[in-house]
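Thanks for coming. I will go through one protein model, starting with its sheets and ending with a single side chain. Please have the picture in view.

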Amino acid sequence: KELVRKRLRLELDQESGACPLLELATLGGLKLSLAGEAVARTDEFSRTQRECLALLAAVPDHRVPQEEVQLTFWPDKSPEKARSTLDTMLSRLRRNLQEKLKPYPVKKYLKMQKGVLSVENVIVDSVELSHGINRAREHMRRREFWQADVAFTIAFSCWNGLFMPGSCSADQSADYARKLHQLCIDGSLDWCGLLNESGQTSRAIGILTHALSTDRSNESLMRALYRSHMRDGNITTAHQLLQQFENQFRADGYTPSETARIITSFKSS
């Protein structure tokens, strides 16, 4: 069953046979795909629907108690009114998905059962990304460097941006987004250290440049990119980067003395 999930993107069920897994892309936006075809995108859902899907994607096993959903999104309403609002939102979401998922029923993927809201038979890209990075770092710990490079390559192919941008008002999904982003930054630095040590500095530069585009004020990424360019002999490019970094620090409100100290530390490294 696990091989069928990974290779064929199918879920096997003894009662109803095989159904395609719903691929939930959350990085850089929201996209739902079924059997390899996109069926829905960000602007086809209301804000609350997007935030609810973000919450479900972020929590373990993609299951949230109904009361927790109500308290998360409608904390000022009475339990009865919050339940009514939740029922209305879920009814509209099911109708929204019904046409898009045909011939497969919505209840295969979105369920409210015994007071628990869940998405099932899904593959979530952020989960695949985090598992892949952790797998690659475990290979590094075991000094299995070739396997680590392959695992990093597969994992980061999913990294198309931040987790559900603009749809993480819930504490759980916002915290998940922060932790996932930090994992991606740390994984990028680990991967680039591995590539630099194996003489693949050009690849490291590309990876760091992409990572920095998601977090332009990250000093660790800036320092690693500067050092990689210096290591690769791109002296002019490295000095141009220093100027860009200096401008970025000033734009972020650093004082001239703080900026000068940081830039000097770049040069000394």
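Two strands count as paired if DSSP finds at least two bridges between them. Helices (H or I, at least four residues) and strands (E, at least two) are DSSP runs, numbered from the N terminus. With that in hand, strand β3, residues 22-25, runs parallel to β9 and is joined to β9 by 3 bridges.

Before going on, some ground rules. This is a predicted model, in which local features need pLDDT of at least 70, side-chain atom pairs count only at pLDDT 80 or more, and totals for chains, interfaces and linings use all residues. Residues are numbered from 1 along each chain as its sequence is written, and side-chain values use heavy atoms, with hydrogens and water left out.

Now the overall picture. The protein has 11 helices and 9 strands. Its C-alpha atoms fill a box of roughly 60 × 45 × 30 Å along the principal axes. Of the 269 residues, 43% are buried; buried means under 20% relative accessible area, exposed over 50%, and partly exposed in between, with a 1.4 Å probe and protein chains only. A contact means heavy atoms within 4.5 Å. Among contacts with a separation of 6 or more, 57% are between residues 24 or more positions apart.

Back to β3. In what order do the 4 strands of its open sheet come? The order is β5-β4-β3-β9, and the pairing is mixed. The edge strands, each pairing on one side only, are β5 (37-41) and β9 (122-124). From one strand to the next, the twist averages 25°; angles run from 0 to 180 degrees between N-to-C directions, and axes are lines fitted to C-alpha atoms, for helices over the stretch in contact.

As a general point, strands of a sheet pair through backbone hydrogen bonds, either parallel or antiparallel. On the β9 side, L22 stands opposite V122 and L24 stands opposite V124. On the β4 side, β3 and β4 pair in the antiparallel sense over 4 bridges, and L22 stands opposite L34. The hairpin of β3 and β4 has 5 residues between the strands, and there G28 takes a positive phi near 90°.

Which residues of β3 are on its covered face, and which on its uncovered one? L22 and L24 are on the covered face, while E23 and A25 are on the uncovered one. Helix α4, residues 79-101, lies across β3, β4 (31-34) and β5, running at about 160° to β5.

Helix α4 also has a helix partner. Helix α3, residues 66-73, packs with α4 at an angle of about 95°, with their axes 10 Å apart. That makes α3 roughly perpendicular to α4; the cut-offs are under 35 degrees for roughly parallel, over 145 for roughly antiparallel, 65 to 115 for roughly perpendicular, and oblique for the rest. Q66, V69 and Q70 of α3 make the contact with P79, A82, R83 and L86 of α4.

Next, another open sheet. It has 3 strands in the order β6-β8-β7, with antiparallel pairing. Its edge strands are β6 (63-65) and β7 (110-113), each pairing on one side only. Strand β8, residues 116-119, pairs with β7 over 4 bridges, and M112 has L117 in β8 as its bridge partner. Helix α2, residues 47-58, lies across β6, β7 and β8, running at about 85° to β8. Helix α3 packs on the sheet too, touching β6, β7 and β8, and its direction makes about 80° with that of β6.

Now the inside. A nonpolar core is a set of buried Ala, Val, Leu, Ile, Met, Phe, Trp, Tyr and Cys residues joined through side-chain atoms within 4.5 Å. The largest one has 79 residues, and L32, L129, F163 and F245 touch the most other members. Helix α7, residues 171-197, gives the largest share, 11 residues. Leaving out residues up to four places away in sequence, F163 touches residues including T26, L27, A54, Y176 and L180.
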